[in-house]
Amino acid sequence: MPPIRDKFTIHSRAVVCQDVELKGDITIGPGTVVHPKATIFAIAGPIVIGSGCIIEEAAIIVNRRKEVMRVGDNNLFEIGCRVECPSVGNFNTISTRARVHHTVRISNYCVIGAACLVVPTDDETLDDYTSIFGPAAERRIWSGRGRIQEADLRLKHAEYLREMLPKFNRLRRGDGA
């Protein structure tokens with residue numbers, strides 16, 4: 001298999017810091033914020049990241065499959081998390097140092113708790129509003145109460161970062177969009 005040529009399409013309204021490590025075919029949507037020291041590797045297939053996502057320091061997003069890895073809108077990838085799942089819906093939170101294996105597909109409004117390991121041997125899709133928490137990666141379905149406030153808070157967070165990060169970091173531009 002020939003190596004995938006690096007091709008970055010970063011939307012003009014996205015904020016991607018200069019010292020982000022990008023490899024492969026990556027598309028970053030409008031309003032998405034990628035902190036310094038984040039890593040996004042499209043090893044086998046492309047990665048398409050939607051709008052309004054926040055990818056914090058030392059977060060790692062990897063696509064090892066040939067299919068397109070789609071990350072929806074308004075997702076939060078916290079410090080040091082590692083995500084290899086082929087699809088991530090909208091308004092999900094992957095907490096600090098959590099790891100999500102390539103056998104998992106995440107729906108919408110899911111929360112993977114801090115340092116949780118989600119590594120099922122068979123392919124699995126997390127239902128909407130799934131919360132995974134604790135050292136044993138226990139699961140619970142969230143009622144959805146407070147999701148509008150959570151969404152508003154996430155939008156304010158992204159807005160603040162889009163304003164502040166360029167003041168203290170050099171930004172990276174893509175091939176287009």
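**Notes on the predicted model**

1. The structure, a predicted model, holds three aromatic pairs. In one of them, the ring centres of Phe 91 and Tyr 109 are 5.4 Å apart and the planes meet at 5°, so this pair is stacked. Phe 91 lies in the loop between β13 (87-88) and β14 (93-94), and Tyr 109 in the loop between β16 (104-106) and β17 (111-112); the two are 18 residues apart, and the pair links distant parts of the chain. Phe 91 counts as buried because its relative accessible area is 19%, under the 20% limit.

2. Tyr 129 and Trp 142 make an edge-to-face pair, with 5.5 Å from centre to centre and 65° between the planes. This pair also links distant parts of the chain: Tyr 129 sits in the loop between β19 (124-126) and β20, and Trp 142 in the loop between β21 (138-141) and α1, 13 residues apart. Trp 142 is partly exposed, at 27% relative accessibility.

3. Ring pairs join Phe 91, Tyr 109, Tyr 129 and Trp 142 into a cluster. Arg 147 lies over the face of Tyr 109, 5.6 Å from the ring centre.

4. Trp 142 is also among the contacts of Ser 131, which touches Val 111, Glu 138, Arg 139 and Arg 140 as well, leaving aside residues up to four places away in sequence. Ser 131 belongs to strand β20 (residues 130-133). Is Ser 131 buried or exposed? At 18% relative accessibility, Ser 131 counts as buried.

5. The largest nonpolar core has 44 residues; those touching the most other members are Ile 28, Ile 40, Ile 55, Phe 77, Ile 94, Ile 106 and Ile 112. Helix α1 (residues 147-168) gives the largest share of this core, three residues. Beyond four places in sequence, Ile 112 touches Thr 93, Ile 94, Ser 95, Ala 98, Val 100, Val 118, Leu 126 and Ile 132.

6. Strand β15 (residues 99-100) runs parallel to β18 and is joined to it by two bridges. Both belong to an open, parallel sheet of six strands, ordered β3-β6-β9-β12-β15-β18. The edge strands, β3 (21-23) and β18 (117-118), each pair on one side only.

7. How many disulfides are there? The count is zero. The cysteine sulfur closest to that of Cys 110 is in Cys 85, at 9.9 Å, which is too far for a bond. Cys 116 is in no disulfide either, its nearest cysteine sulfur being that of Cys 81, 12 Å away. Cys 110 is buried, with a relative accessible area of 1%, and Cys 116 counts as buried at 1% relative accessibility.

How values were computed:
Residues are numbered from 1 along each chain as its sequence is written. This is a predicted model: local features need pLDDT of at least 70, side-chain atom pairs count only at pLDDT 80 or more; totals for chains, interfaces and linings use all residues. Side-chain values use heavy atoms; hydrogens and water are left out. A nonpolar core is a set of buried Ala, Val, Leu, Ile, Met, Phe, Trp, Tyr and Cys residues joined through side-chain atoms within 4.5 Å. Buried means under 20% relative accessible area, exposed over 50%, partly exposed in between (1.4 Å probe, protein chains only). Helices (H or I, at least four residues) and strands (E, at least two) are DSSP runs, numbered from the N terminus. Contact means heavy atoms within 4.5 Å. Two strands pair if DSSP finds at least two bridges between them. A disulfide is a pair of cysteine sulfur atoms within 2.5 Å. Rings of Phe, Tyr and Trp (its six-membered ring) pair if their centres lie within 6.5 Å; planes under 30 degrees apart count as stacked, over 60 as edge-to-face and the rest as tilted. A charge sits over a ring if NZ of Lys or CZ of Arg is within 6 Å of the ring centre and within 35 degrees of the ring normal.
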